[in-house]
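Colleague: I am new to this one. Could you show me how to read it, feature by feature?

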Amino acid sequence: MGLVQRGAGRGEGAETDAVLGEAAPERLHGKTKCSMLAQAMNGKNAQFAPLEALPPGALVHLDVVQVSEGSSTPLFGLDTAALAARMIEAGEPTWRGRQLAEAIYRQRVADVGSITTLPKALRERLAAEGWQMGRPRIIQVFQSVDGTERYLVQGHDGAAQTVETVWMPEGDEGESGDGSEEAAEGREPEAATGAGKSWSRATICVSSQVGCAVNCQFCLTAKLGLQRNLSAGEIAGQVVAVFDRHSVEVGRDRVNLVFMGMGEPFLNYDNFMASVRLLVQEVGLSPQRMTVSTSGIVPGIERFAQEPPEFRPKLAISLNAPNDEVRAEIMPINRKWPIEAVVEAVRGIRLRPRERITFEYVLLGGVTDRPEHAKEVARLVRRTGLPAKVNLIAWNPGPGIPYAMPQPDAVERFRRTLAGEGVPTYLRRPRGRDIYAACGQLKRTVEGDSRV
Ligand code: SF4
């Protein structure tokens with residue numbers, strides 16, 4: 001079992017398959033679909049069936065953005081080597097690739113004609129030949145009273161399906177106690193951080209898919225179903241677009257990335273990891289400033305465990321329940337990969353010094369927030385034998401989701417019980433609830449009062 005990418009490569013146009021077994025694909029409407037999945041598809045919205053509904057051994061097919069060959073291929077999303085190859089094709093020396101990468105990812109130049117490090121004649125020729133930057137663009141902004149901003153971000157092809165990205169100045173405490181601050185000490189002088197800015201640190205929540213197939217019952221994004229995968233450029237492009245908006249200085253400002261927006265990153269594994277490599281190699285970010293959250297896609301975790309530390313973000317497991325029974329109710333994916341299978345896969349990761357695995361735990365009023373649940377979670381975490389911490393998140397309400405927010409005293413009691421059992425426990429601050437930017441609320445919604 002494992003995730004594979006077929007016929008795909010950055011800039012090549014791609015069809016990505018998450019292979020969960022050996023089922024044979026068939027051609028459907030000119031695209032490869034799994035026969036079992038094709039039957040289960042919702043024809044009206046062409047969304048995919050919930051993952052847990054698939055029989056064992058099913059092949060999950062996910063389309064990614066189709067990118068054509070030739071001069072119209074967007075440059076954003078290509079790494080230095082691929083940019084150099086494009087320059088060689090254009091009759092230019094290899095080192096022009098480095099110049100391009102520098103302009104695209106470090107200087108954040110938004111269009112080819114503005115790359116002033118290239119000779120004017122070359123810029124004009126590339127523009128005339130249809131070379132495009134293709135960096136994702138923020139097309140709408142929703143601002144919360146608490147300073148959080150939620151963005152609708154559009155891919156290079158102007159696709160109607162935007163994705164959502166969230167900027168949280170001062171973060172939400174999600175990174176507390178996971179080792180990232182300690183690891184960054186000595187590299188990012190605190191006095192210089194956020195100098196001249198209204199924030200001293202920030203967290204960006206990044207999406208990896210449009211919609212999601214995992215179908216967690218408490219999550220608004222699940223209502224969309226899976227629409228499509230994002231390309232590596234579309235994932236990294238969210239970060240660069242937000243950096244641009246807030247004039248983030250890489251290497252000085254303390255910005256953490258959490259891949260916890262729309263989608264399940266490990267069901268878009270290749271594009272997700274390609275985006276991480278772009279962000280590390282080309283943009284200059286540390287993987288220790290990044291956390292990816294998974295609902296527990298075991299083949300994805302197993303692949304993740306093989307990633308080299310210089311490109312591996314930290315890992316968060318979206319646990320959300322004290323045992324398999326409750327988890328299967330609120331996260332049907334648990335029927336495919338129960339808690340112990342997930343934990344066993346996580347044990348395969350070679351953690352860095354001081355690194356901890358984060359267990360995210362959404363408190364649903366009356367469902368997962370009882371004191372006995374806290375004790376059970378403590379036992380579960382201890383049993384894993386992993387250096388771990390728990391992030392508690394009071395559930396954020398969303399239209400049509402049949403759960404209740406936990407009472408503040410239940411949240412505090414849960415936190416104290418876990419901490420009393422010796423489990424490092426942090427409470428994530430709700431951010432941007434008024435603009436549907438908080439955890440589990442990301443769904444493409446258009447409110448009237450917005451501005452870019
Ligand atoms: S919580 Fe995450 S994995 Fe679950 S449905 Fe929502 S976006 Fe998907």
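This is a predicted model: local features need pLDDT of at least 70, side-chain atom pairs count only at pLDDT 80 or more; totals for chains, interfaces and linings use all residues.

Colleague: Now the helices. What describes two packed helices?

Modeller: Two numbers do: the angle between their axes and the distance between the axes. Take helix α6, residues 232-245, and helix α7, residues 269-283. Their axes are 7 Å apart, and the packing angle is about 45 degrees. The two helices, α6 and α7, are therefore oblique to each other.

Colleague: What is the hand of the crossing where α6 passes α7?

Modeller: The crossing of α6 and α7 is right-handed.

Colleague: Which residues of α6 and α7 meet?

Modeller: From α6 come A232, I235, A236, V239 and V240. They meet N271, F272, A274, S275, L278, L279 and V283 of α7. By class, this contact of α6 with α7 has ten nonpolar and two polar residues, and no charged ones.

Colleague: Let me try another pair. At what angle do α2 and α3 cross?

Modeller: Helix α2 covers residues 80-89 and helix α3 covers residues 95-106. Their axes cross at roughly 125 degrees and come within 7 Å. That makes α2 oblique to α3. The crossing of α2 and α3 is right-handed.

Colleague: And which residues of α2 and α3 meet?

Modeller: On the α2 side, T80, L83, A84 and M87. On the α3 side, R96, G97, R98, L100 and A101. The residues of this contact of α2 with α3 divide into five nonpolar, two polar and two charged.

Colleague: What about α11 and α12: how do their axes cross?

Modeller: Helix α11 (residues 371-384) and helix α12 (residues 408-420) cross at roughly 30 degrees. Their axes come within 9 Å. The crossing of α11 and α12 is right-handed. P371, A374, K375, V377 and A378 of α11 meet R413, F414, T417 and L418 of α12. That contact of α11 with α12 divides into six nonpolar, one polar and two charged residues.

Colleague: On to strands. How do strands of a sheet pair?

Modeller: Through backbone hydrogen bonds, either parallel or antiparallel. Here ten strands form an open sheet with mixed pairing. The order is β6-β7-β8-β9-β12-β13-β14-β15-β16-β17.

Colleague: Which are the edge strands?

Modeller: They are β6 (137-143) and β17 (425-427), and each pairs on one side only. Neighbouring strands of this sheet are turned by 25 degrees against each other on average, direction ignored.

Colleague: In what sense do β16 and β17 pair, parallel or antiparallel?

Modeller: Strand β16, residues 388-394, pairs with β17 in the parallel sense over three bridges.

Note on methods: Residues are numbered from 1 along each chain as its sequence is written. Axes are lines fitted to C-alpha atoms, for helices over the stretch in contact, and angles run from 0 to 180 degrees between N-to-C directions. Helices (H or I, at least four residues) and strands (E, at least two) are DSSP runs, numbered from the N terminus. Angles under 35 degrees count as roughly parallel, over 145 as roughly antiparallel, 65 to 115 as roughly perpendicular and the rest as oblique. A crossing is left-handed if the near helix is turned anticlockwise from the far one by less than a right angle, and right-handed if clockwise. Two residues are in contact if their C-beta atoms, placed from the backbone, lie within 7 Å. Ala, Val, Leu, Ile, Met, Phe, Trp, Tyr, Cys and Pro count as nonpolar, Asp, Glu, Lys and Arg as charged, and the others, Gly among them, as polar. Two strands pair if DSSP finds at least two bridges between them.
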